[in-house]
Amino acid sequence: MSINAGRMTSRIWLGAVFLFLYIPIITLVVLSFNASPLVTQWGGWSLRWYCELANDTEIVSGFVLSLEIAFLTACSSVVLGTLAALSLHRFKRFPGRTLFAGMVSSPLVMPEVIIGLSLLLMLVSVQRLFGFPERGLATIWLGHTLLGMAYATVVIQSRLQEMNPQLEEAAQDLGCRPLQVFFLVTLPMIAQAIASAWLLTFTLSLDDVVLTAFLSGPGSTTMPITIFSRARLGLSPSVNTVATLTVAVVSLGILIASVWLSRAERRRAQEMSAAYRAS
């Protein structure tokens, strides 16, 4: 009886947590179809704000810019994070390893305000010396990559620690060069972690406000900055439509990635079982 009561309590708590997390998002999606111009007053179902969104050039341009920066950030963060994770995993001792590991992990615990302010001061100094870079897409991308690389390194390094090193050793015994071992053995084994890190850094970059506020310049206003500036003057239902579209895009990406990862895992398990039977 006590076991059943414990399970019921756990399910209730789990349901309460899910409701706490997802009710605000569901409410936002429902309010995006509100016909009333007041967010707090329901005026019936309507697609009015989705039609007006196409004429809101500020939000549309900010949304497109956010997608561009998020895509660039995810790609660069995954590449740098993979290199950092491989260095920390394979080389247990080298001069400056502790400092390198600390510098890679510091953005995870450092307040974004401090990171943004330090990057702003550095970029201003560089701009005074060399005349570039101007604050805009490039500077935002650099700041987001600094933060995203730390998350990507943690995700990919955890997968490398679980990987069987004998697979790489067997490939080397069969005559593969180190570069071939990486592309033929290591990379397929950590592909799922790389995909997860890409999605994580893409999402972090897409909704970042603090770093973007420090590193953006005229003509480079992203969607989160636009929403934040409008929220101080009072939200309109058009903001709800942008948020709904963002949730839809992220959810679709996660769904596609989940299906791809599950199929890849199933295929890898079948190949490993077939290899064991053949041996």
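Why are Arg 48 and Glu 52 separated by about one helical turn? The points below take this up, after a word on the model.

1. This is a predicted model, in which local features need pLDDT of at least 70 and side-chain atom pairs count only at pLDDT 80 or more, while totals for chains, interfaces and linings use all residues. Residues are numbered from 1 along each chain as its sequence is written, and side-chain values use heavy atoms, with hydrogens and water left out.

2. Arg 48 and Glu 52 are separated by about one helical turn because they lie four residues apart in helix 2 (residues 48-53); helices here are DSSP runs of H or I with at least four residues, numbered from the N terminus. The two residues form a salt bridge, their closest N and O atoms being 3.3 Å apart, where a salt bridge is a side-chain nitrogen of Lys or Arg within 4 Å of a carboxyl oxygen of Asp or Glu. By this rule the count comes to one salt bridge. Side chains of opposite charge can pair when their charged atoms come close. Arg 48 is partly exposed, with a relative accessible area of 35%, and Glu 52 is partly exposed at 38% (buried is under 20%, exposed over 50%, partly exposed in between, with a 1.4 Å probe and protein chains only).

3. The largest nonpolar core has twelve residues, among them Val 78, Leu 86, Ile 156, Phe 182 and Ile 194; such a core is a set of buried Ala, Val, Leu, Ile, Met, Phe, Trp, Tyr and Cys residues joined through side-chain atoms within 4.5 Å. The elements giving two or more residues to this core are helix 3, helix 6 (137-162), helix 8 (178-189) and helix 9 (191-206). A second, separate core of nine residues includes Ile 115, Ile 140, Leu 147 and Leu 211.

4. Phe 182, one of the residues of the largest core, touches Thr 82, Leu 86, Leu 187 and Pro 188, when residues up to four places away in sequence are not counted; contact means heavy atoms within 4.5 Å.

5. Ser 236 is found in the loop between helix 11 and helix 12 (237-278), and this residue is partly exposed, with a relative accessible area of 24%. Although Ser 236 and Ser 32 are 204 residues apart along the chain, their C-alpha atoms are separated by 9.4 Å.
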